[in-house]
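Welcome to this short briefing on a few cross-links and charged pairs. Have the model open and follow along.

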Amino acid sequence: MDDSQPTAVEALTSGEDWPLRPWILAALLGIAGLLLHFVTDADDSWAEPLRAAGAAFLFFGSLSAAISLERKRWMECALFGLLAGLVMAGLAWKVSDTGSYGFAEWLSFYSGVFALLLALPLFQAGFHRTRFATDYRQTHFYVWTDAICVAGALAFVGLSWLLLFLLSALFQLLDIDLLDDLISEGWFGWTFSGVSAGAALGLLRNQLKILGTLQNVVLMVLSILAVPLAVALVIFLLAMVVSGPDVLWDATESATPILLASAAGAFILANAIIRDGDETGSGSRILRIAALVLALGILPLTVFAAVSMGLRLDQHGLTPERIWGLVAVIVACAYGLGYLVAVLRGRKSGWGGKLRGANFNLAVGVMALALFLALPILDFGAISTSNQLARLKSGEVSAADFDYAALHFDFGKSGENALAELAKSDDAEIARLAKAEQKAEFRRWRPEPLEDDDQAERLANLHFQFDDPALQQALKDLVEDRRFWCNEACVALDVGQLADAKRHLALVEGRNLTWISVEPVDDGEDLVLQIEPYSAPVIEEEGTSDGQESFVPKVELRPFEGHQIYVDGKPFHQPFQ
């Protein structure tokens, strides 16, 4: 770089303010908020994918354009916002059009959001023109100032609403309800939030010099935390050498997220010290040593996370969520390896610059990967279905232990098709369980197996007020799998058919009532019990059971404008038809 020219950050912060920016952004986000209300407030079920796409376009498109808007290149910023809105609209359409809103489907959408978060500062720094010659300092500057601006705008929106509520209460003292009426209108809330967010964002973007100073303060505060984390990391790794990694798997079932979170903390704090250049980085020798320790500690943390994830996959196979977890582990390992190579290449004095170069290259690569995974190219549901079926066919998992519910609810169309094929299986046990799962209307969670003693104790607490042996056995099987049922005396009664034309059981435990629907499988003797989603704890009522473990209440079914359950002669819960 020519020494006679100002640095990238100096050029950014030396420009004059744009007085119209707050007004433009307030109008832009205000209109977007108003349109968001009309898009999301519609009640046409057929238009659900269209509404989701429209809402994503308005939200992400307007916000991307607002954050990146510059007077001298407003056309580029508008086109970037348009492109970002279209991409996110397509992803939202894909998620809503599947008819399933499981966590796995939303992860692909969140992957697109993550790609956009990485693309925004790269666009602001001019990556679309300069590619890998883009100045790292500009990218670093925009990452932090964007975060500060958005946080400040959100805080301002919150304060604006507090002021609005205060003014509303003040005018109500004079019996003037105008503000109170406006607050209750959905369109006003969206528009007011958009206007206040846009105005705050515009004002903050006009104060780049102040934001640059604030950025340095934030990084300085964060860098203080690097020393204790570096010391703790060294102690942790030494303890691992002494005790072996098996202690991780014995101590917790969530080793992978803990290790990844620690690696992320090491990444953030190391970069808080090295910052965007050697002259702006911390001059403290202790802090620089801490940054070096944290940079080198990322790789072992991510390797241990990979081992933990591998053990989990070996035990339970693939699911869409676990594939996303595997992607996160791979990205973390890439950062750990990249940081190790950067330190080795930089040696004593140049490792900070090499880390900054690694940051830039890895960010571009992760952005491309996140966008690729967000697009409908790879079907994680189909991959998971194939893996789970292979485990079933090989005998790695038995027919009784196979998770049919995952095929039904978690793996999308491929899982549903596989479940239909299993229902036609020549194996009678597989076919029976697959048919039973096809009848389930809600996800039946499968907790980890319990100890036999615990199951026996809970079954001993279960008392029946009906004589159907098949129904009794079906309920026992359900109670065995539910860790929090019948830890005290519980009573089951058959209430017959209700208004939904299904046969129901009622399970009373203490002051809790759970409704369970009963359905036969192919009109045979086997029964499927399904927990109804409207089950809820009962409000405490005077005179009901005291919940003592040894006390078995007297539970009755009496007619009362339909029917109502009575416990010890007192009405329990609401009447039903």
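Leaving aside neighbours within four places in sequence, which residues is Asn-461 in contact with? In this predicted model, Asn-461 is in contact with Cys-486, Asn-487, Glu-488, Ala-489 and Cys-490.

**Around Asn-461**
- You will find Asn-461 in the loop between α21 (452–460) and β1 (462–464).
- Asn-461 counts as buried because its relative accessibility is 12%, and buried means under 20%.
- A polar atom of the Asn-461 side chain lies 2.9 Å from the backbone oxygen of Cys-486.

**The disulfide**
- The count comes to one disulfide, and Cys-486 and Cys-490 form a disulfide with sulfur atoms 2.0 Å apart.
- This link of Cys-486 and Cys-490 is right-handed, with 100° about the S-S bond.
- Both Cys-486 and Cys-490 are buried.

**Salt bridges**
- The count of salt bridges comes to 12.
- Glu-70 pairs with Arg-21, the closest N and O atoms being 3.9 Å apart.
- Glu-70 sits in the loop between α3 (48–68) and α4 (74–97) and Arg-21 in helix α2 (residues 21–40), so the pair ties together parts 49 residues apart in sequence.
- Glu-429 and Arg-432 form a salt bridge at 3.4 Å, N to O; they are three residues apart in helix α20 (residues 428–438), so about one helical turn separates them.

Methods:
Residues are numbered from 1 along each chain as its sequence is written. This is a predicted model: local features need pLDDT of at least 70, side-chain atom pairs count only at pLDDT 80 or more; totals for chains, interfaces and linings use all residues. Side-chain values use heavy atoms; hydrogens and water are left out. A disulfide is a pair of cysteine sulfur atoms within 2.5 Å. Buried means under 20% relative accessible area, exposed over 50%, partly exposed in between (1.4 Å probe, protein chains only). Helices (H or I, at least four residues) and strands (E, at least two) are DSSP runs, numbered from the N terminus. A polar contact is a pair of N or O atoms within 3.5 Å; within protein, one must be able to donate a hydrogen and the other to accept it, and residues adjacent in sequence count only if both atoms are side-chain atoms. Contact means heavy atoms within 4.5 Å. A salt bridge is a side-chain nitrogen of Lys or Arg within 4 Å of a carboxyl oxygen of Asp or Glu.
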